[in-house]
Amino acid sequence: MGVGGWGWGVLICLGRGLCSPSKEVSGSATVNLGQVQEAWRPLMQTMVNLTQISSIKSTFQFRTFDPEGVIFYGDTKNGLDWFILGLKGGFPLMQISKVDMLVSVAGGPRLNDGKWHTLEVSNHGQFVILDVDGSQGLVVGLRSKQTDEDLMGELRLALGGILINTDKMIVQFRPQMDGCVREGSWLNLTIPWETEADQIWPCYENIKPGSFFPGTGFAIFNASVFPTDTDQGIQIEFWGDFSQMDGTICSIKPDGQDVMFALVANNNTKEVTLTFGPDKLIMTESFSRLMVTFQTDALTVLHDGSEAARIAISPMSSPGYWSMWREGTLAIGGLLGEDDVGSQFLSGCLEKIQIQGKDLDLDLSTKHMLMSSHSCPV
């Protein structure tokens, strides 16, 4: 099989032996890749006989602020030969498997700038070429000792996921992609995509960096993964227009106990309420930056650089205080309940979240659902 044997098509059953009801979506439709909830599982897929393909070229427009994730995947021979296009560090990453070769190449222009870019992936003899906005971005040369075969059998294509085991890749990366594709021409075919999604998330006309919560989901982290410093304290900082938020911004729950910390916005009253154990702080001022510092003897709250409150902490009144950081759970965008079931989900945009001075990537959460991790509508 030549390089052009990679297709861009897929089975709806995903090799699991069970098929779910699916619906068709035009190949040229605008598709939000960020709604896939199960890691690596494609959002959309299709399959075609290789004899129907006349042009080994796929063109589409792509937009994202996300630095890492899967854009699309294609294979033949039921996954023996495959192709993956994704981003890592904001730059295009192509990984290819063909007979006795496994190749990975990264580079070209940075694509996670929030602008629409036209991408074209094509095969020219022994080369796979990625063009970006009409200019050559990446070129991969492949030469095999095995004889090329005629293009036969079926070709599978997937958007937002892959159909092989991740251990087959040379470069490992996170699959979630908060991005959109539109105006796709996939190998010049007119066959539609198939998807199990009940509805396709919208791709907003204008976006800005941030994490958008539509009021239906949140992100969960094991609090133990964050560095702790009992001398300097643990610092969480949020940026955004708090007057436009509604619901739980953040909650922290020690293992086996009730929620100890919660930060909740009320869009009707324009208040932000911080609850820590028995203590409650209601903030009515308008602000765009909020920092909470957990120290051994106090919890300090600052907004827009000015101190809002200082809550004294004693081991007697807060027995699970430090254990919540060693073995507890932290949620962004929802109120934790039993078995980490969420409620009071956040509606609004958090422009940035930092813990201990480092940006928090919601794609690193142990579970996240129904939210955009890297973009907000304007």
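The model is predicted, so local features need pLDDT of at least 70 and side-chain atom pairs count only at pLDDT 80 or more, while totals for chains, interfaces and linings use all residues. Numbering starts from 1 along each chain as its sequence is written, and side-chain values use heavy atoms, with hydrogens and water left out.

## Disulfides

Let's begin with the cysteines. How many disulfides does a search of the whole structure find? There are two, where a disulfide is a pair of cysteine sulfur atoms within 2.5 Å.

| Disulfide | S to S distance | Angle about the S-S bond |
|---|---|---|
| Cys180 and Cys203 | 2.0 Å | -105°, left-handed |
| Cys349 and Cys376 | 2.1 Å | 90°, right-handed |

The link of Cys349 and Cys376 is right-handed. Cys349 sits in strand E29 (residues 347-350) and Cys376 in strand E33 (residues 375-377), so this pair ties together parts that are 27 residues apart in sequence. Strands (E, at least two residues) are DSSP runs, numbered from the N terminus.

The link of Cys180 and Cys203 is left-handed. This pair also connects distant parts of the chain: Cys180 is in strand E13 (residues 179-186), and Cys203 is in the loop between strand E14 (193-195) and strand E15 (207-209), 23 residues apart.

How accessible are these cysteines? Here buried means under 20% relative accessible area, exposed means over 50%, and partly exposed is in between (1.4 Å probe, protein chains only). Cys180 is buried at 5%, whereas Cys203 is partly exposed at 21%. Cys349 counts as buried at 14%, and Cys376 is buried at 1%. Another cysteine, Cys250, is buried as well, at 0%.

## Aromatic side chains

The structure holds twelve aromatic pairs. Rings of Phe, Tyr and Trp (its six-membered ring) pair if their centres lie within 6.5 Å; planes under 30 degrees apart count as stacked, over 60 as edge-to-face and the rest as tilted. One of the pairs is Phe72 with Phe83, a tilted pair with 5.7 Å centre to centre and 40° between the planes. Phe72 belongs to strand E5 (residues 69-76) and Phe83 to strand E6 (residues 81-88), so the pair ties together parts that are eleven residues apart in sequence. Phe72 is buried, with 0% relative accessible area, and Phe83 is buried at 0% too.

## Two loop lysines

The loop between E5 and E6 contains Lys77, which has a positive phi of about 55° although it is not a glycine. Lys77 is partly exposed, at 30% relative accessible area. Lys270 is also a non-glycine residue with a positive phi, of about 60°. Lys270 is in the loop between strand E20 (261-266) and strand E21 (271-276), and is partly exposed at 37%.

## The largest cavity

Which residues lie nearest the centre of the largest cavity? They are Leu33, Gly34, Val36, Gln176 and Met177, among 17 lining residues. A cavity is a set of points on a 1 Å grid over the protein atoms alone where a 1.4 Å probe fits but cannot get out, and lining residues have an atom within 4 Å of a point. The largest cavity holds about 130 Å³ of space, a volume being the space filled by probe spheres set on the points, which are joined across faces, edges and corners. At least three of the lining residues come from each of domain 1 (23-203) and domain 2 (211-377), with domain bounds from an automatic or database domain assignment.

Technical notes:
On a 1 Å grid over the protein atoms alone, a cavity is a set of points where a 1.4 Å probe fits but cannot get out, and a pocket is an open set with protein on both sides within 12 Å along at least five of seven lines; lining residues have an atom within 4 Å of a point. Helices (H or I, at least four residues) and strands (E, at least two) are DSSP runs, numbered from the N terminus.
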